Amino acid sequence: MSDREPKLVDTFGRAHRDMRVSLTDRCSLRCTYCMPADFADWIPSAELLTTDELMTVLEVAIEEGIDEVRLTGGEPLLRPDAVDVVRRINALPQPPRISLTTNGLRLAAQAGALRDAGLERVNVSLDTLDRERFKAMTHRDRLDDVLAGLAAARAAGLEPLKVNTVLMPGVNEDEAIPMLRRALEEGWRLRFIEQMPLDAGGLWSRTRMVTAEQILEEISREFDLTPVPVRGSAPAEEFFVDGGPETVGIIASVTRPFCGTCDRMRLTADGQLRNCLFARDELDLRVVLRDEGLSDAEVREGIRARLHRSVAAKLPGHGIDDPSFIQPDRPMSAIGG
Ligand SMILES: C[S@@+](CC[C@H](N)C(=O)[O-])C[C@H]1O[C@@H](n2cnc3c(N)ncnc32)[C@H](O)[C@@H]1O
């Protein structure tokens, strides 16, 4: 965390330092809980922020106290200039820490270049170690490519190497222990993520998800877990495994929400600012960036004002458990997970 004064403080006193930036809504996998296999509602490319536009937004966001940028998507490494994006962020005044959430498919080819460009660490999504299941869960036969990507990330020194796993009932819920065993062998820092109501098909159900409690109960059958005391604004609850130093994390967004310490804002690939994954409102930064009637200074002031307006409007929590909760119109792939 930087020692710069946080300026993006909401009405509940939460200081925002972390920006999740979606580089594209396109993805090379079709994870069933994220995107239907035949999804085709892509953002038109003319609406995607250019890299210059993205740098303008990030320069202002950094001036307002953002010191951590996580690149995501869609699959961020599908953006042809992903390495250059990292290099340019790293060359900004007061560069933020840069991390990446990826399905890993392009990491084998790009991990070294990403590291050289200034990427600090990666989270790789991997829900199963079984090839047939991987095919069924993602609609692509690419498990070996993910594993090669993880090896390349390790070789490139992208540490800590985190692995994100979503468990689903009747699909891969029996893999909690095998995943943790493998993570311990490979030196991956495993985190289980509760399935959230962010699928394009609107199929999520509170009664058909694997909860943090169930996961902890399951892995406790083989491993001794003790809570890691300091959590801060991190979404994962961490546990030492068998006394540590290895840990396992649980991101229990649904059953144990951590909104009270949220320090995150989100920028979609088409330049919309969101104050929460589950927000139903967005603020349009692209329209400001492309307003030919504005000077460069006016564009920056427009972005700054919207950053503050977005933070000021942030609700205390995501409200999944509220009877009036309505799932966002965009799926996770289009918001940026
Ligand atoms: C949307 S993906 C984007 C980045 C990249 N393509 C990847 O696979 O990591 C980011 C993370 O969101 C998770 N995710 C997607 N939909 C989800 C949902 N409905 N509930 C929980 N996690 C979800 C994925 O498992 C992945 O770990």
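Helices (H or I, at least four residues) and strands (E, at least two) are DSSP runs, numbered from the N terminus. The model is predicted: local features need pLDDT of at least 70, side-chain atom pairs count only at pLDDT 80 or more, and totals for chains, interfaces and linings use all residues. Residues are numbered from 1 along each chain as its sequence is written, and side-chain values use heavy atoms, with hydrogens and water left out.

**The loop between S8 and S9**

Select Asp242 in the loop between S8 and S9. Its phi is positive, about 50°, although Asp242 is not a glycine. The residue is partly exposed, with a relative accessible area of 46%; partly exposed lies between buried (under 20%) and exposed (over 50%), for a 1.4 Å probe and protein chains only. Proceed to Pro245, in the loop between strand S8 (237–241) and strand S9 (247–251). The peptide bond from Gly244 to Pro245 is cis, with omega near 5°.

**Two further backbone sites**

Next, select His139, in the loop between helix H4 (131–138) and H5. Phi of His139 is near 65°, again positive in a residue other than glycine. Then display Glu159 and Pro160, which are joined by a cis peptide bond with omega of about -5°. Pro160 is situated in the loop between helix H5 (143–156) and S5. Most residues other than glycine have a negative phi, and most peptide bonds are trans.

**The ligand**

Select the ligand and the 18 residues around it, of which Tyr33, Gly74, Glu75, Ser125 and Met196 come nearest; a residue belongs here if one of its heavy atoms lies within 4 Å. A polar side-chain atom of Ser125 is 2.5 Å from a ligand oxygen atom, and a backbone N or O atom of Gly74 lies 2.9 Å from a ligand nitrogen atom. The protein covers 95% of the 550 Å² of accessible area that the ligand has on its own (Shrake-Rupley method, 1.4 Å probe).

**The core and helix H1**

Finally, turn to the largest nonpolar core, with 99 residues, where Met19 and Leu71 have the most contacts. Such a core is a set of buried Ala, Val, Leu, Ile, Met, Phe, Trp, Tyr and Cys residues joined through side-chain atoms within 4.5 Å. Helix H1 (residues 51–63) gives the most to this core, with seven residues. Glu53 is found in helix H1 and is buried, with a relative accessible area of 12%. Its side chain forms a polar contact of 2.8 Å with that of Arg290 (a pair of N or O atoms within 3.5 Å, one able to donate a hydrogen and the other to accept it; residues adjacent in sequence count only if both atoms are side-chain atoms).
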